[in-house]
Every structure is written in C-alpha cells, then in structure tokens.
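User: I am new to this structure and would like to go through it with you. Please put it up, and I will ask as we go along.

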Amino acid sequence: MPKAVPVKTPTSEPRGNIATTVADRLSQELIIALVGPVGSGVSTAAKYIDEILTQDFDYEVAPIIRPSEIIRSEAHRINITKLPNPNDLSVYIDEMQSAGNDLRKKFGPDYLAEKAVESIWSFRKDKGGIAEE
C-alpha cells in the first residue's frame with residue numbers, strides 16, 4: 001500500500017484550534033475536491049460522483065462539504081450574526097467572499113480547508129475509521 005504524502009508540512013506552532021493538525025490526519029483514503037465558481041456545476045458533479053461511488057462501488061461517502069456552509073457556521077467567530085439570503089446572488093457572493101476572507105485573515109489562509117479536513121476526520125471517527133489512542 002503506498003504511503004500517504006503530506007500536502008502541507010507544519011512550519012509553525014499550532015494556532016490553538018482543532019483544525020491545525022492536518023498533518024496528523026493523513027490516511028490512505030481517497031479525497032476528491034472539486035472547485036469552481038458559483039453556477040459552474042460543481043455541486044451537480046459532486047452529487048454524480050457521490051452516486052457513482054455509493055451505488056457502483058459500495059463506498060461509504062462522507063457528506064459533501066461546501067465552503068459556504070463552513071463560512072456560515074464559523075461567521076460568528078468574526079462577529080457576523082446574519083449572512084445574506086442566497087436568493088440575492090450578487091449580494092450573497094460578495095458578503096460570503098468577504099466573510100471567508102475575514103475568517104482566513106483572522107485564523108490563517110488554510111482555515112476553510114482545515115475545517116473541511118476536520119469535518120472529514122469527524123466523519124471517519126464516527127464511522128470507526130480512526131483508531132483511538
């Protein structure tokens with residue numbers, strides 16, 4: 001079995017939040033990341049990949065992680081209590097990008113990615129995929 005290769009090597013002391021131990025969460029599991037602008041079909045492609053892996057290969061797939069959901073759940077950390085309604089797309093995009101930028105400014109440029117990894121780690125742990133030490 002091939003060894004996991006770290007994507008990022010820690011270069012500084014942890015910032016004191018749970019999402020700073022990405023290097024400790026390496027595994028042999030497959031992670032698929034899709035990136036694209038709003039309306040580009042990334043969500044649709046993610047759903048198709050989920051269906052294929054689940055139905056054709058009997059994989060237990062982690063829930064799809066959307067940066068917008070992370071921004072919504074973490075907005076209180078930058079004193080944002082109300083985010084815009086997605087129905088007004090131009091306002092929604094501007095305010096969500098600003099909130100994401102503020103989160104990265106306060107907690108580091110990898111913050112949203114680290115929260116995504118934290119979510120995957122939690123899923124793996126709940127499914128028994130992580131041995132307790």
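User: Which helices do the buried residues of α4 pack against?

Analyst: The buried residues of α4 pack against α2 and α3 (89-107). Contact here means heavy atoms within 4.5 Å, and buried means under 20% relative accessible area, with exposed over 50% and partly exposed in between (1.4 Å probe, protein chains only). Please note that this is a predicted model, in which local features need pLDDT of at least 70, side-chain atom pairs count only at pLDDT 80 or more, and totals for chains, interfaces and linings use all residues. Residues are numbered from 1 along each chain as its sequence is written, and side-chain values use heavy atoms, with hydrogens and water left out.

User: Which residues in α4 are buried?

Analyst: In α4, the buried residues are Tyr111, Leu112, Glu114, Lys115, Ala116, Glu118, Ile120, Phe123 and Arg124.

User: How many residues does α4 have, and how far does it reach?

Analyst: α4 has 16 residues and reaches 22 Å from its first C-alpha to its last, close to the 22 Å expected at 1.5 Å a residue. The expected span is 1.5 Å times one less than the number of residues in the helix. Glycine 128 follows α4 and has a positive phi, near 80°.

User: How many helices and strands does the chain have?

Analyst: The protein chain has four helices and zero strands, in the order α-α-α-α from the N terminus on. These elements are DSSP runs numbered from the N terminus: helices are H or I with at least four residues, and strands are E with at least two.

User: Back to Lys115. Which residue does it form a salt bridge with?

Analyst: Lysine 115 forms a salt bridge with glutamate 74, and their closest N and O atoms are 3.8 Å apart. A salt bridge is a side-chain nitrogen of Lys or Arg within 4 Å of a carboxyl oxygen of Asp or Glu. Lysine 115 lies in helix α4 and glutamate 74 in helix α2, so the pair ties together parts that are 41 residues apart in sequence.

User: Are those two buried or exposed?

Analyst: Lysine 115 and glutamate 74 are both buried; the relative accessibility of glutamate 74 is 9%.

User: Which residues are linked in a network of salt bridges?

Analyst: The network links Glu74, Arg77, Lys115 and Glu118. Arginine 77 is partly exposed, with a relative accessible area of 29%.

User: Why can such side chains pair at all?

Analyst: Side chains of opposite charge can pair when their charged atoms come close.

User: How many salt bridges are there by this rule?

Analyst: The count comes to five salt bridges. One of them joins glutamate 60 and lysine 127, with the closest N and O atoms 2.9 Å apart. This pair links distant parts of the chain, 67 residues apart: glutamate 60 is in the loop between α1 (42-56) and α2 (67-74), and lysine 127 is in the segment after α4 (111-126). Glutamate 60 is exposed, with a relative accessible area of 55%.

User: What is the phi of Asp58?

Analyst: Aspartate 58 has a positive phi of about 55° although it is not a glycine. Most residues other than glycine have a negative phi. Aspartate 58 lies in the loop between α1 and α2 and is exposed, at 69% relative accessible area.

User: And what about Asn79?

Analyst: Asparagine 79 is not a glycine either, and its phi is positive, about 65°. Asparagine 79 lies in the loop between α2 and α3 and is exposed, with a relative accessible area of 71%.

User: New topic: how many aromatic pairs are found in the whole structure?

Analyst: The search finds two aromatic pairs. Phenylalanine 57 and tyrosine 59 form an edge-to-face pair, 6.4 Å centre to centre with 70° between the planes. Phenylalanine 107 and tyrosine 111 form a stacked pair, at 4.7 Å and 25°. Rings of Phe, Tyr and Trp (its six-membered ring) pair if their centres lie within 6.5 Å; planes under 30 degrees apart count as stacked, over 60 as edge-to-face and the rest as tilted.

User: Are Phe107 and Tyr111 buried or exposed?

Analyst: Phenylalanine 107 and tyrosine 111 are both buried. In the other pair, phenylalanine 57 is exposed at 53% relative accessibility, and tyrosine 59 is partly exposed at 44%.

User: Lastly, what share of the chain do buried residues make up?

Analyst: Buried residues make up 22% of the 133 residues in the protein chain.
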